[in-house]
Amino acid sequence: MAYMIQAKTEDELKGVTLTILKKDYIKLSEFYNKIMNHDVIYCSFCDDWISSNNFYTSKKTKDGINHCGCKSCLLDQATDFDKKTKIRLDNREKTINVFKLLDIPFIESVYKSQLQLLADDVAEKQRTTAYQQLLTLTRSLPQYKGKTFADSEFDVDSDQALEKEETKIIQKTLKSAKKRFGTNYNQEELMFLENEYQDWTNRYPCDNKSQELLFKRVCCKELEIDNAQKNGKDTKDMDATLQNLLGSLNIKPNQKTSSELTDNLTFGQLIDRWEQEKPIPEPEGEFKDPDKIGLLIDVFFKGHLSKMMGLKNAFSTTYEKFISKYTVKKPEYDEDTDSEALFDKIFGQKAEEEV
Ligand SMILES: [Zn+2]
């Protein structure tokens with residue numbers, strides 16, 4: 001407990017004069033009166049008695065004062081303060097915690113706009129923080145009157161959404177792990193097993209049930225060996241079993257030359273491997289499609305296909321343009337004039353009048 005003026009002991013009393021005693025008594029009673037009158041309040045962060053002006057008010061306590069800390073301590077709790085540079089920076093998590101402590105609503109949109117205002121206002125040199133601004137606003141504006149921390153408004157799209165996504169992935173992994181390995185393992189073990197299983201089956205071919213079973217056994221053995229090693233037990237037998245399993249799967253490293261290993265891989269896995277080890281580089285300028293192969297593919301494959309399927313897109317237009325060079329068009333007559341002229345030529349101009 002903070003320093004409080006103590007009453008004098010009997011021995012001390014014997015040695016003092018009446019004047020000193022009087023003075024000390026007044027000092028003592030003044031201090032205790034201050035506490036009784038709520039002029040000074042105990043701040044647990046300072047571990048001291050602080051003038052009540054330095055505390056926020058509260059409607060929930062009998063004395064009308066929020067006792068969770070003095071103003072400057074709460075500011076320290078809600079922000080990051082660098083003692084060397086004397087720069088105080090906002091910290092969202094800490095601010096939320098202090099708002100929870102004060103039981104006032106944290107309005108994320110207002111907090112963010114205050115952060116933005118501070119960021120724009122370079123001249124002010126960060127004399128204030130978004131925490132202080134938001135605190136003043138939520139405590140003074142009528143729409144937040146009587147509201148508590150439970151009325152806080154958070155942005156859903158920020159951290160929470162990310163966290164949700166993460167838990168979703170973990171839950172999904174756990175679900176498939178339980179399906180594959182049963183429920184005899186704890187969550188941590190299941191995560192390990194499933195991740196190992198996915199890793200093995202991504203790197204090596206696994207296209208029938210017996211391979212699946214063997215990979216499952218490999219993962220379980222790995223876990224067993226890990227646990228045994230942690231407990232300082234002998235892993236010789238288990239290692240041998242693991243080796244056997246790998247042997248059955250034909251993926252034991254010491255027996256295999258690299259070409260034999262590649263023989264086991266599917267074409268997709270091979271491409272993946274080449275792309276990892278020796279990816280095809282981008283061609284240099286002079287080798288970049290000198291024969292316009294790209295254009296020919298666009299015209300005669302994609303373009304032709306689009307035209308066949310009756311799709312109107314950039315490819316079909318390119319196709320039409322390209323092919324028009326080699327197209328002969330039927331001559332067309334202008335119906336109104338040409339046919340009339342032809343008719344006249346055959347039957348004479350005044351055919352009708354003569355009949
Ligand atoms: Zn304090």
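**Exercise 1. The hairpin**

In β2, which residue is the bridge partner of Ile-41? Describe the hairpin around this pair.

Solution. This is a predicted model, in which local features need pLDDT of at least 70, side-chain atom pairs count only at pLDDT 80 or more, and totals for chains, interfaces and linings use all residues. Residues are numbered from 1 along each chain as its sequence is written.

Step 1. Helices (H or I, at least four residues) and strands (E, at least two) are DSSP runs, numbered from the N terminus. Strand β1 covers residues 40-43, and strand β2 covers residues 48-51.

Step 2. Two strands pair if DSSP finds at least two bridges between them. Between β1 and β2 there are four bridges, and the strands run antiparallel. The partner of Ile-41 in β2 is Ile-50.

Step 3. A residue is buried if 20 or more other C-beta atoms lie within 10 Å of its own, exposed if 12 or fewer, and partly exposed in between, with C-beta atoms placed from the backbone.

Step 4. Four residues lie between the two strands of the hairpin. Asp-47, in this loop, has a positive phi of about 55° although it is not a glycine. Asp-47 counts as exposed because it has 10 C-beta neighbours inside 10 Å.

**Exercise 2. Packing of α3 and α4**

At what angle do helix α3 and helix α4 pack?

Solution. Step 1. Two packed helices are described by the angle between their axes and the distance between the axes. Axes are lines fitted to C-alpha atoms, for helices over the stretch in contact, and angles run from 0 to 180 degrees between N-to-C directions.

Step 1. For α3 (residues 71-78) and α4 (residues 92-102) the angle is about 140° and the axes are 7 Å apart.

Step 2. Angles under 35 degrees count as roughly parallel, over 145 as roughly antiparallel, 65 to 115 as roughly perpendicular and the rest as oblique. The two helices are therefore oblique to each other.

Step 3. Residues are in contact if their C-beta atoms, placed from the backbone, lie within 7 Å. Leu-74, Gln-77 and Ala-78 of α3 meet Lys-94, Thr-95 and Val-98 of α4.

**Exercise 3. The two sides of α6**

Which residues of helix α6 are buried, and which exposed residues are on the face turned away from them?

Solution. Step 1. In α6 (residues 130-140), Ala-130, Tyr-131, Leu-134, Leu-135 and Thr-138 are buried. These residues line one face of the helix, because they fall within an arc of 130° seen down its axis; the arc is that of the directions from the helix axis to the C-beta atoms.

Step 1. The face turned away carries the exposed Thr-136 and Ser-140.

Step 2. The cover over the buried residues includes α3, β3 (79-82), β4 (87-90), α4 and α5 (108-120).

**Exercise 4. Leu-193**

What does Leu-193 touch, not counting residues up to four places away in sequence?

Solution. Step 1. Leu-193 belongs to helix α8 (residues 187-203) and is buried, with 22 other C-beta atoms within 10 Å.

Step 1. With that exclusion, Leu-193 touches Ala-177, Phe-181, Tyr-185, Cys-219, Cys-220 and Leu-223.

Note on methods: Contact = placed C-beta atoms within 7 Å.
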